[in-house]
Amino acid sequence: MDYLIGVDLGTTSTKAVLFDTKGQVIASANQGYKLYRDEPDMAEQDLTEIWDAFLAAVKEVALAAVDGKILAVSFSSAMHSLIAFDEAWQPLTRIITWADTRSVKYTEALKANDLGAQLYSKTGTPIHPMAPLSKLLWLQNEHAEIFNQAKHYLGIKEYLFHRLFGANKMDYSIASGTGLFNIFELAWDEQALKTTNITAAQLPTPVEPYEIERGMVSEYAEAMGLPVDTPFVYGAADGPLSNLGVNAIKPGVAAVTIGTSGAIRVVTDAPRVDPKGRTFTYALDRDHWVIGGPVNNGGDVFRWARDNMFDDEKATAELMGIDSYDLLTEIAGKIPAGANGLLFHPYLGGERAPIWDANARGSFFGITHQHTRAHMIRAVLEGIIFNIYMVSLALEEVVGDLTSIQATGGFARSPLWRQMMADIFEQGVTVPKAFESGALAATVMAQKALGLVDSLDVIADMVGEAQTYEPNPANYATYRDLAPIFIRLSRQLQTEYKSIADFQRKYN
């Protein structure tokens, strides 16, 4: 039997999944690591921890391929990471992740003049601290000793490929999220390079996501239990691959993913940008472009609410041997849609789409004597979906009407959240049975790279049967009244987000 390994490089863990060529999961392994927040707004990973997790995860699933051959290893990777190296390829920084917002001051300055809009119009990456573009400005201004010594810049996946093969390449998909890559020319953008005072020679060579490396360092091959000549396919970024992994690659079919963070995305056949700068445009490959918006605040907000407002319920769930999140959604499900007029803006970690404001802060609005903690947890869950809905409105201005929604991520396991999304969007929400969709999509790209399939459309036969939730008219009438209030309020609060964020930085 033939197998493929999909590796999903994430923010807090690396997962490896062994598939057969029909997309069936044979084995999986997950290795976690710490996200370092040693100072305000920092979010970094340790290179050694990432490397060790990668080797261990791949080794674990490779051991399950006892009766066949592993055809390839392919990758889905978190976007926007940055690592600086000196001339001898010694790291000068840890991995600065998408969640790191220390460059907010330089981002705001860039957004305040025409240069920011010009760069966005060519790169498709919104001007935000998540992007390496902003991180480079921060390094140059606040860590000049590192910036001046740096001769090479890579992301998390490129670091692994460099160590395995000595390669210095970056696939179009990851490159399109740097803020430095011209999505219309498929090359590093001269204006972006000039803005950050770096050269193309300091960046990897952009390549197709189907690029293959062979002949890895024997020591590492042995550590993973793989033959030295096992093909390694670059694959793509986790966002675009999430669309492919749930078969949301036809026009108008949106993929909504809510895990720790979240996003809504639609695939088009050519790059397009939003004149208002609210959406991203990232490559899956040169023929498939993913347009959408990411949000910082998804399941992590649910976790915050559980940990800070529901200690007793959390303890009860542990005693009963049930999932504490299931208990909280059961509590929320007893509260009517709209939480009796209680709204929650979930901006605990700043926000990307649709407001692109790293200073954004969370808030409850509309609290009265009748509201309880149960109303609050309902409002938290609804607030996360309302925010995604706001992104969808901006997305429709760029790509047209959404015809259907494919939902994935941790939230998609909850029937309450599925129904909530259908009601708020007034749209049927389908939950595919595909497991490990990002890793699965990476292996489909590997099959195309190896010439085993002609088209990415084969994913349709791999995602399995789906369950669809239709909107409840009584609920969507309520949400139709509430949604405009949520949207107007988010805009009005933006005038004070910086003030409260500055206060917190001063006194925390």
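Reader: Which helices each supply at least two residues of the lining of the second largest pocket?

Author: Helix 2 (104–111), helix 3 (114–123) and helix 17 (473–507) do. Helix 3 gives the most, with three residues. This is a predicted model, in which local features need pLDDT of at least 70 and side-chain atom pairs count only at pLDDT 80 or more, while totals for chains, interfaces and linings use all residues. Residues are numbered from 1 along each chain as its sequence is written, and side-chain values use heavy atoms, with hydrogens and water left out.

Reader: What makes a run of residues a helix or a strand?

Author: Both are DSSP runs, numbered from the N terminus: helices are H or I with at least four residues, strands are E with at least two.

Reader: What makes the space a pocket and not a cavity?

Author: The search uses a 1 Å grid over the protein atoms alone. A cavity is a set of points where a 1.4 Å probe fits but cannot get out. A pocket is an open set with protein on both sides within 12 Å along at least five of seven lines. Lining residues have an atom within 4 Å of a point.

Reader: How much space lies in the second largest pocket, and which residues are closest to its centre?

Author: About 420 Å³. A volume is the space filled by probe spheres set on the points, with grid points joined across faces, edges and corners. Of the 21 lining residues, Lys 111, Ile 127, Lys 276, Gly 277 and Trp 356 are the closest to the centre.

Reader: How does the lining of the second largest pocket divide by class?

Author: Into nine nonpolar, five polar and seven charged residues. Nonpolar covers Ala, Val, Leu, Ile, Met, Phe, Trp, Tyr, Cys and Pro; charged covers Asp, Glu, Lys and Arg; the others, Gly among them, are polar.

Reader: How many cavities does the rule give at 30 Å³ or more?

Author: Two. The largest cavity holds about 120 Å³. Its lining has 20 residues, and the closest to its centre are Ser 81, Pro 132, Gly 155, Met 170 and Thr 178. Strand 8 (152–154) and helix 6 each give two or more residues to that lining. Helix 6 gives the most, with three. The classes are 13 nonpolar, five polar and two charged.

Reader: What lines the second largest cavity?

Author: The lining is Gly 10, Thr 11, Gln 45, Ala 78, Met 79, Ser 81, Ile 95, Thr 97, Trp 98 and Ile 156. Five are nonpolar, five polar and none charged. The volume is about 50 Å³.

Reader: Why is helix 6 called largely enclosed?

Author: Buried means under 20% relative accessible area, exposed over 50%, and partly exposed in between (1.4 Å probe, protein chains only). Nine of the 10 residues of helix 6 (residues 156–165) are buried, so the rest of the structure largely encloses this helix. Among them are Lys 157, Glu 158 and His 162. Just after helix 6, Gly 166 has a positive phi of about 75 degrees.

Reader: Why does Thr 257 count as buried?

Author: Its relative accessibility is 18%, so Thr 257 counts as buried. Thr 257 lies in strand 15 (residues 253–258). Leaving aside neighbours within four places in sequence, Thr 257 is in contact (heavy atoms within 4.5 Å) with Ser 242, Gly 262, Ala 263, Arg 265, Thr 408 and Gly 409.

Reader: How do you know that strand 1 and strand 2 pair?

Author: Two strands pair if DSSP finds at least two bridges between them. Strand 1 (residues 2–9) and strand 2 (residues 13–20) have seven, in the antiparallel sense. Therefore they pair by the rule of at least two bridges. In one of the bridges, Val 7 has Ala 16 of strand 2 as its partner. The two strands form a hairpin with three residues between them.

Reader: What makes strand 3 an edge strand?

Author: Strand 3 (25–32) pairs on one side only, as does strand 13 (212–213). The open sheet has six strands in the order 3-2-1-5-14-13, with mixed pairing. Strand 2 and strand 3 pair in the antiparallel sense over seven bridges. Their hairpin has four residues between the strands, and Gly 23 in the turn has a positive phi of about 90 degrees.
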